[in-house]
Amino acid sequence: MSRRILVTSALPYANGHIHLGHLVEYLQTDMWVRFQKLRGNECVYICADDTHGTAIMIRARKENCDESDVIARMRKSHLSDFNRFQIAFDEYGSTNSDENREICHDIWKFARAANLIAEKEVEQLFDPIAGTFLADRFVKGTCPFCKAEDQYGDSCEKCGKTYTPKDLVNPHSTLSGATPELRTEKHLFFQLEKLHGFLNEWTQAGTHLQPSVAEYLKNFFLNEPLRDWDISRPAPYFGFEIPDFPGHYWYVWYDAPIGYVGTTLAWCKRTRQSFESWWKNSDTEIHHFIGKDITYFHTLFWPAMLHTAQYTLPSRVHIHGFLTVDGEKMSKSRGTFVQASTYLDHLDPAYLRYYYASKLGNNTNDLDLNLDEFVAKVNSDLVGKVVNLASRTARFVQTCGLSSTYPEDGGLFAEAAKDSEQIANTMEDGDFNRAMRLVMTAADRANLYIDQQAPWTLVKDPANAKKVQDICTVGLNLFRQIVIYLAPVLPELATKVGELLGEPIHAWEQAQTPLIGTPVNTFEHLMVRVKKEQVEAMIEAGKEENVVPQTSGTSTDEAAKTTANTVSEALTAEPFVEERINIDQFGAVDLRVAEVLRVEEIPEARKLLKLTLGFGGDVQKTVFAGIKAAYTPERLTGRLVLCVVNLEPRKMKFGTSEGMVLCAGTGGSDLFVLSPDSGAKPGQRIH
Ligand SMILES: [Zn+2]
């Protein structure tokens, strides 16, 4: 009986481009969805852009545009990448949609009614430079438990413990580098512990989770109560305002998973489906594909929300590891932080689809993209074993077509037909690695047959015409069987083979019946070998591209990488000054801490802002700073900066500048105003 399956991938954040790390998830989900559809199941693939939160707000501020502009631009880019990688969503929505707002309100209503929402005063970290409260992911510091450095504000990648950002030792804002200030605000909390029994049962019994994941979660239920989940953020915040708590917004992690439901609602409206039959129906299977970094959200909070609001619970959460390249974290400086579009400039998406499939198991291990192995595997498996079956046979039957009865083949077709269920079971389990090995074993048998029969020798004698037709009929049918099994992984190849043999590939069962008596169309190259130089060119391009750091979803520690990288690029652009100075020469520069009292825009000036700086008491100076492209007056007012106060005053068109504010960067929008750590006072000298 046909199953009804709703599948999701984690929502990519609308603040960065899709890269090869993200594709580990989207490609495996797409393959799994295509597999289900090929098996005749009713299956719908739902995804959306995750659009809310501080990062989008900050970016819009920086780019002097509306959040909706940032979202629209990134959506276009995401969709183009997904499309070119043949990732076929049934609906691709946005968390900023009316449908999502509707579901957010609905789930909220249930959570309130169930008395799960509590109001508490919280101290939250505030970035005094960026002028915003800081999401957990925007604070980094040292893990309070294991003392690992450079950990995010919500959990430690080293020891796996979770905590709140204010527990971090030596915290800093990843937005501005400032030391965050503690401010007190009212927040709303989801009281997870009230669902302790349900969650313990849901995570530990049944097959919702991989055994290793269930084991990991077990620890959360043993000793302490489950922590309340902070689900509101005070303004300024980009998101949905909470209906019964004005001036406060749902935290992005509240409405992001709801985006699965909201986008389904949009799809139901568009295709005139019943929404209830998908999300309010225990006969529907819900499958989430996620990276291991967001396990906690999807296995505790998310089922808790769904359970409370009486939506269908996930049948399974499929959790995968991260991507490494040549055994290391993706890295901008090594050029292995490759965007999807950069890959596509150099390589066929089918290569990556197959390579990832050949490495994916049903586990949370990291997947390593070994670049040499990538070249070798594509060439030996896809070109050497699979496509080669057709290129060695199709041209001999282009005029006569396939034999009218299926010839004797020593049981080869029957053997591969028998593999069908085993391959299907491994794909169902997400064990694509094993599935690919089974398919390649079938390809080996088929190649051995062609080698032994050598139709290219027989064809020289016209008396062998029938024999050659039979051999090629067998060869092409074995080839087609393999392509049917590979269709979820290589949809474009499946389409081309459907055209070559005059019968579209649309169902898994097609592998059970050989084609006979049908014409064979003109053979064209189905896939070419990949060259090492193409991969090298992609890595070179990867070194050049300027990736906007992602801040949620697939985690590869991008923010840190970006920082490390800017240093080396900056040094190349502006090497150290060779000429030495002595301490007295340095001492001749009078550097002071100053408070920015006022900032005025000068409409006629392209680059300048007029700053009034305070040095304590009523000592003030006017400084014209060429930072208009990088800063708005609001971002500067009230913060502490560093100023050279004994420079010769400079007469300018708009007035006299009595000092210089210190900035890092090369100019234009690439400028970063320096600030002292918190505690410094205006007027203090810098030594
Ligand atoms: Zn730790």
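How many helices and strands does the protein have? And once that is clear, which residues are the protein donors of the zinc ion?

Modeller: This is a predicted model. The protein has 22 helices and 26 strands. Of its 687 residues, 55% are buried. Along the principal axes, the C-alpha atoms fill a box of roughly 105 × 65 × 45 Å.

Now the metal site. Four cysteines supply the protein donors of the zinc ion: Cys143, Cys146, Cys156 and Cys159. The site is tetrahedral, with angles of 106 to 112° among the four donor atoms. For reference, the ideal angle for four tetrahedral donors is 109.5 degrees. Along the chain, the donors of the zinc ion are spaced as C-x2-C-x9-C-x2-C.

Cys146 sits in the loop between strand S6 (139–142) and strand S7 (151–152), while Cys159 sits in the loop between S7 and strand S8 (169–173), so the pair ties together parts that are 13 residues apart in sequence. Cys146 is partly exposed, at 33% relative accessible area. Cys159 is partly exposed too, at 32%. The cut-offs explain the label: buried means under 20% and exposed means over 50%, so both values fall in between.

Next, the sheet whose strand S5 covers residues 132–133. Four strands form an open sheet here, in the order S5-S4-S9-S10, with antiparallel pairing. S5 and strand S10 (229–230) are the edge strands, and each pairs on one side only. Strand S4 (residues 117–127) meets S5 over two bridges, in the antiparallel sense. Asp127 has Thr132 in S5 as its bridge partner.

For contrast, take strand S1 (residues 4–9). It is mostly covered, with five of its six residues buried. S1 runs parallel to strand S13 (residues 284–291), and six bridges join them. Ile5 has Glu285 as its bridge partner in S13. S1 also pairs with strand S2 (residues 42–49), again in the parallel sense, over five bridges. There, Ile5 stands opposite Cys43. From S1 the chain passes through helix H1 (residues 20–38) to S2, a right-handed β-α-β crossover.

Helices deserve a look as well. Helix H3 (residues 67–84) has 18 residues. From first C-alpha to last it reaches 26 Å, close to the 26 Å expected at 1.5 Å a residue. Its buried residues are Glu67, Val70, Ile71, Met74, Ser77, His78, Asp81 and Phe82. They cover an arc of only 135° around the axis, which puts them on the same side of H3. The general rule is that an α-helix has 3.6 residues a turn, so residues three or four places apart point the same way. Lys76 and Asn83 are exposed on the other side of H3.

Arg437 is partly exposed, at 49% relative accessibility. Between Arg437 and Val397 there are 40 residues in sequence and 29 Å in space, C-alpha to C-alpha.

Conventions. Residues are numbered from 1 along each chain as its sequence is written. This is a predicted model: local features need pLDDT of at least 70, side-chain atom pairs count only at pLDDT 80 or more; totals for chains, interfaces and linings use all residues. Side-chain values use heavy atoms; hydrogens and water are left out. Donors are N, O and S atoms within 2.8 Å of the metal (3.2 Å for Na, K and Ca); water is not among the atoms, so sites may look incomplete. Four donors count as tetrahedral if all angles lie between 85 and 135 degrees; four count as square planar and six as octahedral if opposite donors are over 155 degrees apart and all others between 65 and 115; anything else is irregular. Buried means under 20% relative accessible area, exposed over 50%, partly exposed in between (1.4 Å probe, protein chains only). Two strands pair if DSSP finds at least two bridges between them. A crossover is right-handed if, with the strands pointing away from the viewer, the path from the first strand over the helix to the second runs clockwise. The expected span of a helix is 1.5 Å times one less than its number of residues. The arc is that of the directions from the helix axis to the C-beta atoms.
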